[in-house]
Amino acid sequence: MSALTWPDLPAAQQPVWPDAAELEAVLEELRAQPPLVFAGECDTLTEQLGQAALGSAFVLTGGDCAETFAANTADSIRARLKTVLQMSIVLTYAASLPVVKMGRVAGQYFKPRSKPSETRDGLELPSYLGDAVNSLEFDADARRPDPRRMLKAYHASGAAINLIRAFTQGGYADLRQVHAWNQDFVRESTAGQLYDRLATDIDRALSFMHACGADPEEFKRVDFYAAHEALGLDYERALTRIDSRTGLPYDVSGHFLWVGERTRQVGGAHVQFASTIRNPIGLKVGPAASPDEILEIVEILNPDRVPGRLSLITRMGAGRVAESLPPIVQKVEASGNPVVWVCDPMHGNTFEASSGHKTRSFDDVIGEVEGFFEVHRQLGTIPGGIHIELTGDDVTECVGGTMGIAEDGLGVRYETACDPRLNREQSLELAFLVADMLLKR
Ligand code: PEP
Ligand code: MN
């Protein structure tokens, strides 16, 4: 078998494309497209994540649950990037560690669903599977899987990553600029005022460096990596290439790819696919996971025990983290496999509000991060980062936060195509609260 063919293993959550010839034509076109990321960048990210595995860096991943073509605008991308950068400064200061920054961006276009179809007023249609597959609109034509949407996803991802590179390398992301945005947040919002002390401390540190004459290059540019779930295997395989420098396969659709909670079966196609690519990868781990099964996947995905190769992104729920996380951490740590422990405090905390909206409570999100830190403190292991669903806009999708979005206010600006995201203010508030946890360690 060549490096770029895959065994025919069961693959969960794949679209049923209506026309095989049309699919093949799309895949051929995708295989001929230029890479969105370079193998060398993926290797650098693995090294940086390796630092997080050892406790010398902290990981921050933030972005949409599901990107959409409609929201792939300069304003929307900039707002998300700005939010993650603002969060990262606060965390860098509090952790006194470099923060590895990643977006759920430039490729987060495929979604796993709990049900393959959706029924409204007696009409049953395929579920929305992400903009790379079909459209959110509840209409038979819109919901039919269309492989040409994968080409659109590729081009949208290329446009997004191009803009992100320009923003992060071209001076827009200058540390002092990002800090000034944080000062605006502290000055102008009720939530921000609570964090005045920390923002002032950061300001003093920056003024001190400035007074000393320090103006490092590192202030002017940041590395920002693109991450998404490697769910749509047709797309990911078509974008997997042999790197000419090393002769090894990389999935050039994004820097970091993860395997979701619903597709991480041992013996399934997603785990097999992830095991063959050299990108740094993630594995979502929910409360039903058994320590033995997770260790088995860890050994498949990181047989060479490379620090940074594998992140275990745990999403237990605020109420279950204290009980469900320790046995998994203990089992994996006892094996000696050096994974990065990352907390996703979103996916174990989803519930339906009285208004009918799918939501999450800000307090539960904070509660799970607290529980995650506490488990790692008790076990003497390393909490390596956080993974957040957020947007840079003032949406009303998660309840709580100092702004106090209530269940009956969710309808005001509920815009997500899939899961509820923290808005800009809730995201910054989370960063300050996590900073407090890091400072108290
Ligand atoms: C997601 O990250 O949007 C997701 C579906 O998560 P999980 O696989 O953890 O359920
Ligand atoms: Mn989600």
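**Ligand and metal sites**

In this predicted model, the shell around ligand 1 consists of three nonpolar, two polar and six charged residues. The points below describe that shell and then turn to the manganese ion, ligand 2.

**Surroundings of ligand 1**

- The residues that surround ligand 1 are Cys65, Arg104, Lys111, Pro112, Trp258, Gly260, Glu261, Lys284, Arg315, His347 and Glu389.
- Ligand 1 takes up the space of the largest pocket.

- The side chain of Lys284 places an N or O atom 2.7 Å from an oxygen atom of ligand 1.
- For the side chain of Lys111, the corresponding distance to an oxygen atom of ligand 1 is 2.8 Å.
- For the side chain of His347, the distance from an N or O atom to an oxygen atom of ligand 1 is 3.0 Å.
- The protein buries 97% of the 290 Å² that ligand 1 exposes when taken alone.

**Manganese ion (ligand 2)**

- Cys65 (SG), His347 (NE2), Glu389 (OE) and Asp419 (OD) are the protein donors of the manganese ion, at 2.1 to 2.5 Å from it.
- Along the sequence, these donor residues follow the spacing C-x281-H-x41-E-x29-D.
- Cys65 belongs to the loop between β1 (58-63) and α3 (74-95), and Glu389 to strand β14 (residues 383-389), so this pair ties together parts 324 residues apart in sequence.

Methods:
Residues are numbered from 1 along each chain as its sequence is written. Chains are lettered from A and ligands numbered from 1 in the order in which they are written. This is a predicted model: local features need pLDDT of at least 70, side-chain atom pairs count only at pLDDT 80 or more; totals for chains, interfaces and linings use all residues. Side-chain values use heavy atoms; hydrogens and water are left out. A residue is near a molecule or strand if one of its heavy atoms lies within 4 Å of it. A polar contact is a pair of N or O atoms within 3.5 Å; within protein, one must be able to donate a hydrogen and the other to accept it, and residues adjacent in sequence count only if both atoms are side-chain atoms. Accessible areas come from the Shrake-Rupley method with a 1.4 Å probe; for residues, only the protein chains shown count as cover. On a 1 Å grid over the protein atoms alone, a cavity is a set of points where a 1.4 Å probe fits but cannot get out, and a pocket is an open set with protein on both sides within 12 Å along at least five of seven lines; lining residues have an atom within 4 Å of a point. A molecule sits in a cavity or pocket if more than half of its atoms lie within 2 Å of its grid points. Ala, Val, Leu, Ile, Met, Phe, Trp, Tyr, Cys and Pro count as nonpolar, Asp, Glu, Lys and Arg as charged, and the others, Gly among them, as polar. Donors are N, O and S atoms within 2.8 Å of the metal (3.2 Å for Na, K and Ca); water is not among the atoms, so sites may look incomplete. Helices (H or I, at least four residues) and strands (E, at least two) are DSSP runs, numbered from the N terminus.
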